[in-house]
Amino acid sequence: KRRWNNEVVIATYDKRCYSIMDIPFDQSPSSLPVQGLGISHAQYFAQKKKITLKYPNAKPMIQVQGRNDQPIYLPAEVVCANELDPQIRAKLPLVASYTPRIRHEAIEEMRRYLLPGAQKSQGGGLLPALGIGLLDERVVVNVTKLPLPVIVAAGVRIPEGQGGNWAPLTAKANYNANPNKVVQMNVVVVYHKSIKSSYQSVYKRVADMIRHHNATYQFGSKPFGVVEAGDMNQHWGAIERYFGGTKLPDNVFVLDLARPPRGQSNDPAYGAVKCFLAKGGFLSQFVNFQTHDHGRSRDARDEKKSTTILSGVARQILSKCGVRVWWVTIPKEVPLPAVFVGVDVFHAPRKFDPKEGKRKAGKESIAAIIVQILRSHNPAENSLVEIYCETESRAAGKEMELGPAMNRAVSNALKAFKVAPSSCYIFRDGVGDNSIEQVSQQEIPAVRQALSNPGQVVGAKTKAANVPLSYIVCQKRIATKFLTLQGDAIPCGGLITDIQGPQYKTFYINGTSPPFST
């Protein structure tokens, strides 16, 4: 029961997903009546769903969350999990992938069946029998081993051997802030009523972790204000009432210790609360007590997990306040000040419509444009992070036509930061090969126009400045695989540029710590 509560399962008869609220082990489809109908669940499924249960007396029943948060009971035999068993999941890399050596040997074995004369059986191979020949060679490319850049977190330099997992080392970072310039944040703690007995100890742990970093921004020993909240409208309603009736000082930070409603892994009030706080200009950080209950550590393992999560929360809070948590050396060849633009569109998952028998588009899509300014190659002159962000609601599934939004975001960022850039780098996600030309022809001119008039009125027509610009399309889940001639893995951080497409300059980068292949 502890294992499956709050997990998402799929009903096999209509392919709908449900969150498990409870598992009553004392009930079966035959014994549990359907409220208001006077029949058992076994009879209900036979009469209404036209499904004759194989095990009508089998226990337990699965209580899931239905419409309007009302409970629904499903027989266990019509429910399946959408997650693998933990033991299987732990071995997934061995099941779902192969080491480069095994893949190399498998390719050699397959070639025996495809090349003329490579096997002794009559017929000479499958493809030759069909009149198809296979070129007996592989595409050979050169690999450049990229050195790990110098990563420094407040004087703590990350060793090259730990470049694949360096975040935990930042817990030791000491930013040595000038005591006369320390900013005391006025923290408003919002906590779910179910964790009333533990929110103070959790806040103290987070505040101590932040003070340990000795950064410019600090949390006090006690919060400025405390708000008790419930679920849904009792969550955002409590926050609206507090901020609407309390005179607040400057430098307010909201720490929301949230516990989603039973049966849900994420708090459905998250979007409404974030929107309200963002419009008010308040920084905020959520801590999800469904992921881990930081007030009830049962053993040393639980305590360690809680400490790991909260230390990450502390660093994220500092980053949101403007502390540059870590620094990567920027090559001198990059003209500064530089503008880095990240663009992506979030698409809500499609939902299954039982009436039409297919998956339909969900909620509206959301486009986000992030603009970051980097002014100097000297870390001391970049102690504070300068980031500007704009979002835009779009029709479900719409990925294109972001030129106007990118122009507006870059223009507003340059105006806010009062910077005339010497170079610009755009990282665009979510674009397939067939759409690159269409997207780039619209978005590149829009950004160039914004770069031409920094600090001026948005949309003013002026002669474009000659600011160097790189437009980089980032693609994931690629099918190209690389092996050394010996069948071993290519080195981490390997750069491959020998494979080029017909229209665009293409490159592949092997991650710093990939388990297998690319």
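**Overall make-up and confidence**

The structure is a predicted model. Its chain holds 518 residues, of which 37% are buried, and the secondary structure consists of eleven helices and 23 strands. Among contacts with a separation of 6 or more, 67% are made by residues 24 or more positions apart in the chain. The accessible surface amounts to about 30,400 Å², and carbon and sulfur atoms account for 54% of that area.

The mean pLDDT of the chain is 81, with 78% of the residues at 70 or more. Confidence is highest in strand 12, at 95, and lowest in helix 3 (residues 92–96), where the mean is 52. Over residues 457–464 the pLDDT stays under 50, and the model has 13 contacts beyond four places in sequence for this stretch. Where pLDDT is low, the predicted coordinates should not be read in detail.

**Nonpolar cores**

Which residues touch the most other members of the largest nonpolar core? They are F219, L257 and I317, in a core of 30 residues. Five elements each supply at least two residues of this core: strand 9, helix 6 (199–212), strand 10 (217–219), strand 12 (252–258) and helix 9 (300–321). Helix 6 gives the most, with seven residues.

The surroundings of F219 can be listed in detail. Leaving aside neighbours within four places in sequence, F219 is in contact with Q184, M185, V187, Y203, A207, I210, R211, F253 and I317. Apart from the core described above lies another one, of 29 residues, which includes M400, M406, V410 and F417.

L146 belongs to the loop between strand 6 (144–145) and strand 7 (151–153).

**Backbone geometry**

Most residues other than glycine have a negative phi, and most peptide bonds are trans. The table lists residues and bonds that depart from this pattern.

| Site | Feature | Value |
|---|---|---|
| K59 to P60 | cis peptide bond | omega about 5° |
| L336 to P337 | cis peptide bond | omega near 5° |
| N176 | positive phi | near 45° |
| K418 | positive phi | about 50° |

P60 is found between helix 1 (41–47) and strand 3 (61–65), while P337 lies between strand 14 (327–328) and strand 15 (338–346).

N176 lies in the loop between strand 8 (156–157) and strand 9 (183–192), and K418 lies in the loop between helix 10 (403–417) and strand 20 (423–429).

Are N176 and K418 buried or exposed? N176 has a relative accessible area of 56%, which means that it is exposed, the cut-off being over 50%. K418 is exposed as well, because its relative accessible area is 76%.

Terms used
Residues are numbered from 1 along each chain as its sequence is written. This is a predicted model: local features need pLDDT of at least 70, side-chain atom pairs count only at pLDDT 80 or more; totals for chains, interfaces and linings use all residues. Side-chain values use heavy atoms; hydrogens and water are left out. Helices (H or I, at least four residues) and strands (E, at least two) are DSSP runs, numbered from the N terminus. Buried means under 20% relative accessible area, exposed over 50%, partly exposed in between (1.4 Å probe, protein chains only). A nonpolar core is a set of buried Ala, Val, Leu, Ile, Met, Phe, Trp, Tyr and Cys residues joined through side-chain atoms within 4.5 Å. Contact means heavy atoms within 4.5 Å. Accessible areas come from the Shrake-Rupley method with a 1.4 Å probe; for residues, only the protein chains shown count as cover. pLDDT is the predictor's confidence in each residue, from 0 to 100.
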